[in-house]
Amino acid sequence: MKVLIAGIDGYLGWPLAQYLTQRGHVVAGIDALLRRQWVTEMGSDSAIPICSINDRLAGYEKCFGQELLFREGNLLDYKFLKESLAEFQPDAIVHFAEMPSAPYSMIDQEHSFFTQQNNVMGSLNLLWAIKEVCPETHLIKLGTMGEYGTPNLDIPEGFFEIEFRGRKDVLPFPRQAGSFYHWSKVHDSNNTMFACRIWGLKATDIMQGVVFGTRIDNDGGDPSLRTRLDFDQCFGTAINRFCCQAVIEHPLTVYGGGGQIRGFIPLRDSMQCVALVIENPPSMGEYRVFNQFDRTYTIEALASLVQVAASDLGINVVIQNYENPRTEMAKHHYNPDRNRLVELGYKPFGNIVGEIKIMLDDLSTWRERIIKHKQVLIPDIRWDGSRRPSRGIN
Ligand code: USQ
């Protein structure tokens, strides 16, 4: 199939291009290269050095013996977007071209506004462009498990049957997002569902958990093919940050008591799931929702897994609880379904400790790069709009 990846330069986009190529798909990409700027704005850098987009494209061509069509531009530029779709005529579009950080969206008015404008308007433009240029294209939109929040109910995959005053219906499961970023994803989901209903487009909305990992299956050894790995408070996610902290023997920064539960998925599994979604498209007019994660963990349990894996490799790290800069539930029920991808053939890698050890090994090569930016490890962005570094609480 011809697959266009919007956001091809990011943590997920660049490895996905390689993974899909290995599965026989023809890949093209668009990107405004904003992720690089956001991480610089946070005073940080990818722990794993990454090449410029031009060197990435040259490395891809050398490794796979074929060219990757790339166009630099922004989804907010509607003319650019329509021209890109018309040029490539994709069978599927994977939409990763969003600002992905909850803390970044909570910094201040400007960052909240930017997040929602970039994500919601960019996605709306994409829906219009698909309708006008290639209405039979399958849109695979990256949503987030965070759209659901942490209700005191089990979480289905997008929809549930509800009975109210003696009548029944199947309705979208309530969304209770926990940041302006997560709400931007809810707004995208609503717009996508609506576009499928009124225009007959077809879309899969992936509710993805927190991704971690430095590698995919069969990654080429060329440095241009590596993906980035962030560890700052905005673009570094929990396990990725803990592994970067461990390799420099910095305390693992558990926010609050660490009783928060989230769904987690290794990078290599995320690639597998997206490929399965592309290869098993919905019908025209169908809007379907898949929850995409391997297992759920408390943050405290994850920090312990990283601590133990590090200790096996001779690295001693302590776990430190910090005042939680976020407003989120300290302890809660969390039991989301994730059957639909398994039904399509998703086979989880399953060995989280093994994956963490691979990460620690990879990251120890880049210890100096993490040490150079270690001031970004302590969070200071608070959900009340103020900024103050969190202090240790034990
Ligand atoms: N946390 C810590 N210590 C840290 C970093 C995070 O305790 O150093 C805690 C947070 O308080 C939170 C949990 O770990 O309770 C997850 O935080 P995170 O930064 O790993 O992930 P999150 O902000 O939820 O967002 C990430 C991605 C986002 C994606 C989401 C999936 O940045 O793009 O949508 O994971 S989910 O969490 O399922 O909504």
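Predicted model: local features only at pLDDT ≥ 70, side-chain atom pairs only at ≥ 80, totals over all residues.
**Close-up views of a ligand site and a helix**

View 1. An oxygen atom of the ligand lies 2.8 Å from an N or O atom in the side chain of R326. The protein covers 94% of the 730 Å² of accessible area that the ligand has on its own. The side chain of H182 also takes part: one of its N or O atoms is 3.1 Å from an oxygen atom of the ligand.

**View 2. The shell of residues around the ligand.** There are 22 residues around the ligand, and P100, Y181, A238, T253 and E328 come nearest. By class, this shell comprises 10 nonpolar, eight polar and four charged residues. The elements that contribute two or more residues to the shell are α7 (180-199), α8 (238-247) and β10 (252-255).

**View 3. Helix α1 and its cover.** Helix α1 spans residues 13-22 and is mostly covered, with nine of its 10 residues buried. The buried residues are G13, W14, P15, L16, A17, Q18, Y19, L20 and T21. Their cover includes the strands β1 (2-6), β2 (26-31) and β4 (92-95), together with the helices α3 (53-64) and α9 (267-279).

**View 4. The residue G24 after helix α1.** G24 follows α1 in the chain. The phi angle of G24 is positive, near 95°.

Conventions. Residues numbered from 1 in each chain as written. Heavy atoms only, no water. Near = heavy atom within 4 Å. Polar contact = N/O pair within 3.5 Å; in protein donor to acceptor, adjacent residues only side chain to side chain. Areas by Shrake-Rupley, 256 points an atom, 1.4 Å probe, with all protein chains shown as cover. Helix = DSSP H or I, 4+ residues; strand = E, 2+ residues; numbered from the N terminus. Nonpolar A, V, L, I, M, F, W, Y, C, P; charged D, E, K, R; others polar. Buried < 20%, exposed > 50% of the residue type's maximum accessible area, 1.4 Å probe, protein only. Contact = heavy atoms within 4.5 Å.
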